[in-house]
Amino acid sequence: MQLSRFPRVRLGHLSTPLEPMDRLTKLLGGPRLWIKRDDCTGLSTGGNKTRKLEFLMGEALAQGADTIISQGATQSNHVRQTAAAAAKLGLGCHILLEDRTGKTDGAYRLNGNVLLDQLHGATISERPGGADMNAEMEALASRLRADGARPYIIPGGGSNAVGALGYANAALEILAQVVAMDIEIHHIVHGTGSAGTQAGLVTGLAALNSGIPVLGIGVRAPREKQEESVFALCGKTADLLGLPGAVKREQVVANCDYIGEGYGLPAPGTIAAIKLLAEQEGILLDPVYSGKAMAGLIDLVGKGRFAKDENIVFLHTGGSAALFGYPDAFDLPGYIA
């Protein structure tokens, strides 16, 4: 798995820490819980998309692009990191935000990631929920080309085979860390949405013959649809790496029982998980991805999904900036006299 043959721009603070969550482990009564801190990648408050953007931006520069186009939901973590990467590299950045939640309050539409998008200098326009965002990006690219620009389109979540290389590389990083720490990892758990993180991680771990299973906690789609999306991208990623057939269908597993009312709408369990991690470990999760993923992990631990003596790694995909777009979700007391 020779990743050095692909264009890459170094954007992240890597390797990210792999840390024990001792207080949460004790509170839940086992198994031994660890956290892979990809909220600490360093690019505009960090997050998992930075790993993908290293390869996507590398390809964009190799192709001579001067402008980046991407899309996401209103409080998209991917969009925020894409805008930051474009700013760091001196590229123009045009962002399309899709209204996937119907939320109209000012905090959601103007604070959190949206505020940071604008601070990074991105040009932002909105689209209604259900819009064909790929077609919208292509239309924008055509207009920019007509004006003399050289745009490069990054799909939502950075989730194509090039972006997934970032998490194939993360598989190498994780294995090196567990060897250095002399621990055996039995499962990796994380939030899965646009499929790129899970596809890259599963492909990398399979290519390395690690034997470590990955469980994606879905944040948007039903299980069958999510698994098929991830598996299809695993195939494309493996082909790009020159490893066709490296991933078997049974290696792609998602649990989509914790989505709640829909994408970007935190369920009660999401809020409880965010509060618990903040109070027990001093770690901030987000209401869209990592909060739902942690809610799933906590519930599955309670149901005996994992053996008490196992080591479980929770991959923290970042996104805490989005908390500021959801101030009313937490029912906090406010100022205390």
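Helix α8 passes helix α9 in a right-handed crossing. The model on display is a predicted one, and the tour begins at this crossing.

**Stop 1: α8 against α9.** Select residues 196–207 for α8 and residues 223–240 for α9. Two packed helices are described by the angle between their axes and the distance between the axes. Here the axes come within 8 Å of each other, and the crossing angle is roughly 55 degrees. That angle makes α8 oblique to α9. Next, display the side chains at the contact. On the α8 side, select Gly196, Gln198, Ala199, Val202 and Thr203; on the α9 side, they meet Val230, Leu233, Cys234, Thr237 and Ala238. Coloured by class, this contact of α8 with α9 shows six nonpolar residues, four polar residues and no charged residues.

**Stop 2: α7 against α9.** For the residues in contact, select Ala161, Val162, Ala164 and Leu165 in α7, which meet Leu233, Lys236, Thr237 and Leu240 in α9. By class, the contact of α7 with α9 comprises six nonpolar residues, one polar residue and one charged residue. Leu233 and Thr237 of α9 may be kept highlighted: they are among the residues that meet α8, and they are also among those that meet α7.

**Stop 3: Ser76.** Move to the loop between β3 (67–73) and α3 (77–89), where Ser76 is found. Is Ser76 buried or exposed? Its relative accessibility is 6%, so Ser76 counts as buried. Show its side chain together with the backbone of the residues that follow. The side chain of Ser76 reaches the backbone nitrogen of Val79 at 2.9 Å.

**Stop 4: Asp331.** Finally, select Asp331, in the segment after β10 (311–316). With a relative accessibility of 69%, Asp331 counts as exposed, whereas Ser76 counts as buried. To place Asp331 relative to another part of the chain, select Ile271 and draw a distance between the two C-alpha atoms. Asp331 and Ile271 are 60 residues apart along the chain, and their C-alpha atoms are separated by 9.7 Å.

How values were computed:
Residues numbered from 1 in each chain as written. Predicted model: local features only at pLDDT ≥ 70, side-chain atom pairs only at ≥ 80, totals over all residues. Heavy atoms only, no water. Helix = DSSP H or I, 4+ residues; strand = E, 2+ residues; numbered from the N terminus. Buried < 20%, exposed > 50% of the residue type's maximum accessible area, 1.4 Å probe, protein only. Polar contact = N/O pair within 3.5 Å; in protein donor to acceptor, adjacent residues only side chain to side chain. Axes fitted to C-alpha atoms, helices over the stretch in contact; angles between N-to-C directions. Parallel < 35°, antiparallel > 145°, perpendicular 65-115°, else oblique. Left-handed = near helix turned anticlockwise from the far one by under 90°. Contact = heavy atoms within 4.5 Å. Nonpolar A, V, L, I, M, F, W, Y, C, P; charged D, E, K, R; others polar.
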